[in-house]
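Open the model in your viewer and keep the selection panel at hand. The stops below go from one chain to the other.

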Amino acid sequence: MRYLKTSSMLGVVAAVVAACDNNDPPVTPPSAPPPIAMSDFTISITNLTNARPLSPVALVAHDSIYSYFRVGEPATAELELLAESGDNTDLIAAATADSNVITTRQGAGVIPPGGTESFDLSIAANQVTGARISLATMLVNTNDAFTGLNGLPIASLSAGEVLGFTAIAYDAGTEDDTEAAATIPGPAGGGEGFNVARDDRADFVTMHSGAVTADDGLASSALTSQHRFLNPVARIEVMRIN
Amino acid sequence: MNDRLRGLLCFTSLAIMGPASAAQFSVDVTNLTHSNWFTPLLVAAHPDGTSLFMAGQPASAELQAMAEGGDIGGLETTVTALGGSMVSNPAGGLLAPGQSATADLDTDGTANVLLSVVAMLLPTNDAFLGLNSIVVPTAPGTYTFDVPAYDAGTEANDEIVNGGGAPGAPGIPADPSGVGATGGTGAATADANPNVHVHRGLLGDTDAAGGVSDVDSRVHRWLNPVARIVVTVE
């Protein structure tokens with residue numbers, strides 16, 4: 001009750017001050033609602049590997065609820081499709097239909113080793129607080145490896161500031177890592193991409209354990225020492241423009 | 001709200017802001033690997049200037065026992081002697097790939113401002129995950145640390161699964177993955193670097209009944225990081 005009383009008294013004071021003002025009260029012209037302020041970001045990804053093309057990127061801006069994967073949990077069907085075949089269609093479609101997603105972007109194409117692709121993202125200023133960015137791309141010439149970002153908060157970035165990350169390779173856990181030509185899409189194998197069967201040792205996302213390759217004793221592998229990799233596999237930079 | 005209550009609240013919030021280090025925090029450890037198991041974890045807060053291991057230095061006998069056989073008893077004694085605060089074995093046994101375990105620590109009234117986490121990786125000779133003496137954050141938030149696998153430097157990485165887990169006994173104590181390879185002739189002799197160092201990874205082979213290793217190169221290799229440790233300060 002004390003707060004209510006205080007508010008009433010303040011109201012009285014304000015009224016008295018207004019009454020003492022000789023000027024006419026300002027006239028507010030009727031106008032269109034103010035334009036929505038936008039904050040612009042640039043996100044770039046660079047392929048750091050020797051011989052692992054990165055499939056067309058799926059980029060998602062979202063709130064704190066959306067997440068496209070969690071370590072130790074089974075991959076969604078749309079992540080399985082991306083990680084096994086490089087096809088981002090379903091992951092983008094699922095994100096677009098998700099009320100926790102602000103906006104999405106699709107990569108223009110494959111990012112070769114050493115290549116970089118940049119994305120521009122505009123987010124309404126009132127949505128930046130709590131906004132996060134996720135990014136997914138397959139390491140081509142694998143059974144089901146992917147990399148990216150998983151819910152990076154961007155609200156703390158000030159204009160002109162850049163956040164740099166190195167990304168590590170995950171295993172979707174949806175396909176056995178046989179490295180056999182018939183099972184890996186891309187230039188090294190030319191084999192099958194997506195297959196609905198889940199035949200990995202355990203059906204959940206973990207870190208990827210790397211490629212063994214034929215040059216290191218796995219005779220049935222379509223891969224050579226050129227296809228081995230260590231983490232990190234990509235560099236991702238997020239810059240806030242305004 | 002009366003003035004006395006308001007005064008009490010102000011006092012309480014000052015008291016919360018007062019200590020130099022968070023008194024209560026949780027430590028969540030996730031096994032990121034595809035097919036390596038963690039032996040019982042030791043999550044320990046300890047005073048400034050102390051540590052459980054140091055890259056480039058010889059492993060203590062207590063660290064060796066943990067890294068070669070998963071026995072954290074010696075390190076528990078070490079932490080107790082330092083006046084440390086610890087949670088032993090929060091997973092209640094082995095921590096499987098993809099799984100997590102959480103330890104809640106309370107360092108109120110102590111000087112335990114540093115945090116370390118260790119556990120052996122199976123199947124290996126003397127590999128362990130290590131978070132080494134990070135300063136416990138004071139501001140509320142979540143802090144993520146991705147950590148690599150270290151090699152204690154105390155045992156040859158022969159990659160032979162023979163039950164050898166006691167300090168100084170050659171071989172790997174167990175392979176929880178169920179691959180069950182045998183007959184390896186030995187993948188390596190003693191480490192070139194006898195001090196603690198970042199593990200060079202497993203060699204393995206694809207021969208379940210012979211070859212040089214009882215580790216399967218298609219299953220048991222890893223790329224760092226092997227563990228994600230999230231410290232949450234409320």
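This is a predicted model. Begin in chain A with its open sheet of 6 strands, which run in the order β3-β2-β5-β6-β8-β9 with antiparallel pairing. Select β3 (101–106) and β9 (206–207) of chain A: these strands stand at the edges with a single partner strand each, so one side of each has no neighbour in the sheet.

To find one of the links, select His62(A), whose bridge partner in β3(A) is Val101(A).

Next, show helix α3 of chain A, residues 89–96. This helix lies across β2, β3 and β5 (132–138) of chain A, and it runs at about 160° to β3(A).

Now colour the whole of chain A by secondary structure. There are 4 helices and 10 strands, and along the sequence they follow the pattern α-β-β-α-α-β-β-α-β-β-β-β-β-β. Of the 242 residues of chain A, 39% count as buried. Among contacts in chain A with a separation of 6 or more, 75% are between residues 24 or more positions apart.

Move to the boundary between the chains. Here 20 residues of chain A are in contact with 19 residues of chain B. On the chain A side, the residues that touch chain B comprise 9 nonpolar, 7 polar and 4 charged.

Cross into chain B for the next stop. Which residues have the most contacts inside the largest nonpolar core? Select Val27(B), Phe128(B) and Leu129(B); the core they belong to has 105 residues. Strand β6 (residues 114–122) of chain B gives the most to this core, with 8 residues. Centre the view on Phe128(B): leaving aside residues up to four places away in sequence, its contacts include Met66(B), Ala67(B), Val118(B), Leu121(B) and Tyr150(B).

The last stop is helix α3 of chain B, residues 73–81, where Leu75(B), Thr78(B) and Val79(B) are buried. Look down the axis of α3(B): its buried residues fall within an arc of 95°, so they line one face of the helix. What do these buried residues of α3(B) pack against? Their partners are β3 (42–46), α2 (61–69), β4 (85–88) and β6 of chain B. On the face turned away from the buried side, α3(B) carries the exposed residues Thr77(B), Thr80(B) and Ala81(B). Finish just after α3(B), at Gly83(B), which takes a positive phi of about 75°.

How values were computed. Residues numbered from 1 in each chain as written. Chains lettered and ligands numbered in written order. Predicted model: local features only at pLDDT ≥ 70, side-chain atom pairs only at ≥ 80, totals over all residues. Core = buried A, V, L, I, M, F, W, Y, C linked by C-beta atoms within 7 Å. Buried ≥ 20, exposed ≤ 12 C-beta atoms within 10 Å, placed from the backbone. Helix = DSSP H or I, 4+ residues; strand = E, 2+ residues; numbered from the N terminus. Contact = placed C-beta atoms within 7 Å. Arc of directions from axis to C-beta. Nonpolar A, V, L, I, M, F, W, Y, C, P; charged D, E, K, R; others polar. Pairing = 2+ DSSP bridges. Axes fitted to C-alpha atoms, helices over the stretch in contact; angles between N-to-C directions.
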